[in-house]
Amino acid sequence: MNRKLALLRPSPRFFSSALKTQSNKLPFIPLVAENGFVDAIGNTPLIKLNKLSDQLERNIYAKAEWMNPGGSVKDRAALYIIQDAEAKGQIKAGGTVVEGTAGNTGIGLAHVCRSRGYKCVIYMPNTQAASKVDLLKLLGAEVYPVPVKPFDDPMNYNHQAKRHAESLDNAVWTNQFDNTANRNAHIQSTGPEIWAQLDGKVDGFTCSTGTGGTLAGVTRYLKEISNGKVKAVLADPPGSVLYSYIKTNGKELDRSGGSFTEGIGQGRVTDNLRPDLELIDDAIRIPDEESIVMLYRLLDEEGIYIGGTGALNVVAAAEVAKTLPKGSNVVTILADSAHKYSDRIFSKKWLQQKNLYDVLPANLQKYAILD
């Protein structure tokens, strides 16, 4: 299926309405990825969180990005970044893609590299879940977990990835944090999908940032198409500087604290985020205690099994909704599923070590079944 055509497809509501007039009703919307794996990226469902929406008297919608074929929102960035490198002649057949990533972008890149015949090399912080490393290796990637260093240290995993790419022929460092092909993926796909899925009835949007591509790209699209009416809010975990940066109009970069979430939070303003900072209306810092409770609530109340990033995003969406009139529609991102993190976030011992077990209501503690 041609991706340009795919993005122009009417929303499911259109199909549902149109099919009611036909004598033969289809029980589904037929989607076919004629061009293989990469053509299946995007067009993910938008799920209304019914119980939370009823409680707030505002509608919370969450983009089910774990339903991308590589399992996360980062499939979009991976595809657009590689397509951009190909268009610029930075990589040719049989070449090598190198990236520094906390996991999901690497997984997306590994999938796309397999489908296009490239080698894949990933540098990542050695604090990430072991399951991410294992999955990358299963996908054929060469993986280098390295000690955590700040961005201004030459041994930061991103700088090591760049040097590795420069040491090879026919190789590209995809530079997800500052490569704005990442941001463009969400201007051209995620944003238009959200707008179409709600028939333009979008009042608020919020999500957390790693590279900043999702927040910036979706915000840019929604602000432009709504003539600035959509409220855009950055959601941040403890330990990230962006909350303080936005709240102080760029005067402070407070990085105090830390979080159990992986792959989000930032110690600087990336090139993906910088062009759209003026479009962001506010920022919210979400404590880990609220994120973990929401993670368990979504499993218990909605049957949705997601990671910490998605849970944080839903907490932020609820906070944004409270600032809008009743009946408003607020959208956020469920970045990936809980599968890569289950050995931690559903471990009673791990939760206790992080002082997160006792914050769970008694009726939710039953899900912490792992030792």
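Residues are numbered from 1 along each chain as its sequence is written, and side-chain values use heavy atoms, with hydrogens and water left out. Because the model is predicted, local features need pLDDT of at least 70 and side-chain atom pairs count only at pLDDT 80 or more, whereas totals for chains, interfaces and linings use all residues.

An unreviewed UniProt entry places the feature "domain: Tryptophan synthase beta chain-like PALP" at residues 39-336. UniProt positions are given in the numbering used here, feature names are shortened, and annotations may be inferred rather than shown by experiment. Within this span, 40% is helix and 17% is strand, and the end C-alpha atoms lie 19 Å apart. Helices (H or I, at least four residues) and strands (E, at least two) are DSSP runs, numbered from the N terminus.

The domain assignment divides the protein chain into domain 1 (37-67 + 190-367) and domain 2 (73-173); such bounds come from an automatic or database domain assignment. Taken over C-alpha atoms, the centres of domain 1 and domain 2 are separated by 25 Å. At the interface, 18 residues of domain 2 are in contact with 21 residues of domain 1, contact meaning heavy atoms within 4.5 Å. About 1,700 Å² is buried between domain 1 and domain 2, and carbon and sulfur atoms give 54% of this area. F37, I41 and K340 supply 34% of the area that domain 1 buries against domain 2, more than any other three residues. Buried area is the accessible area (1.4 Å probe) that two parts lose on being put together, summed over both.

Three salt bridges are found across the interface of domain 1 and domain 2. A salt bridge is a side-chain nitrogen of Lys or Arg within 4 Å of a carboxyl oxygen of Asp or Glu. The interface of domain 1 and domain 2 also holds ten residue pairs in polar contact, both residues at pLDDT 80 or more. A polar contact is a pair of N or O atoms within 3.5 Å; within protein, one must be able to donate a hydrogen and the other to accept it, and residues adjacent in sequence count only if both atoms are side-chain atoms.

By the salt-bridge rule the count comes to 18. One of these joins the side chains of E193 and R76, at 2.9 Å from N to O. E193 lies in helix α8 and R76 in helix α4 (residues 74-87), so the pair ties together parts that are 117 residues apart in sequence. E193 is buried at 5% relative accessible area, and R76 is buried at 1%. Buried means under 20% relative accessible area, exposed over 50%, and partly exposed in between (1.4 Å probe, protein chains only). A salt bridge also links the side chains of E262 and K132 (3.0 Å, N to O).

Other salt bridges lie within single helices. R297 and E301 meet at 3.0 Å, N to O; because they are four residues apart in helix α11 (residues 288-302), about one helical turn separates them. R297 is buried, at 18%, whereas E301 is partly exposed, at 26%. In helix α12 (residues 308-322), E319 and K322 are three residues apart, about one turn of the helix, and their side chains meet in a salt bridge of 3.1 Å, N to O. E319 is partly exposed, with a relative accessible area of 30%. Salt bridges that share partners join R183, R220, E224, D276 and E278 into one network.

The loop between α10 (242-247) and β9 (282-285) contains T270, and R268 is found in the loop between α10 and β9 as well. T270 is buried, at 2% relative accessibility, and R268 is buried, at 16%. Not counting residues up to four places away in sequence, T270 touches F177, D178, G210, T211 and G212. With neighbours within four places left aside, R268 is in contact with F151, F177, D178, V241 and L242. The side chains of R268 and D178 are joined by a polar contact of 3.0 Å. T270 and G213, 57 residues apart in sequence, are 8.9 Å apart in space, C-alpha to C-alpha.

Positive phi angles occur at D199, about 50°, and at N227, about 55°, although D199 is not a glycine and N227 is not a glycine. D199 is in the loop between α8 (181-197) and β7 (204-208) and is partly exposed, at 41% relative accessibility. N227 is in the loop between α9 (213-225) and β8 (231-236) and is exposed, at 68%.
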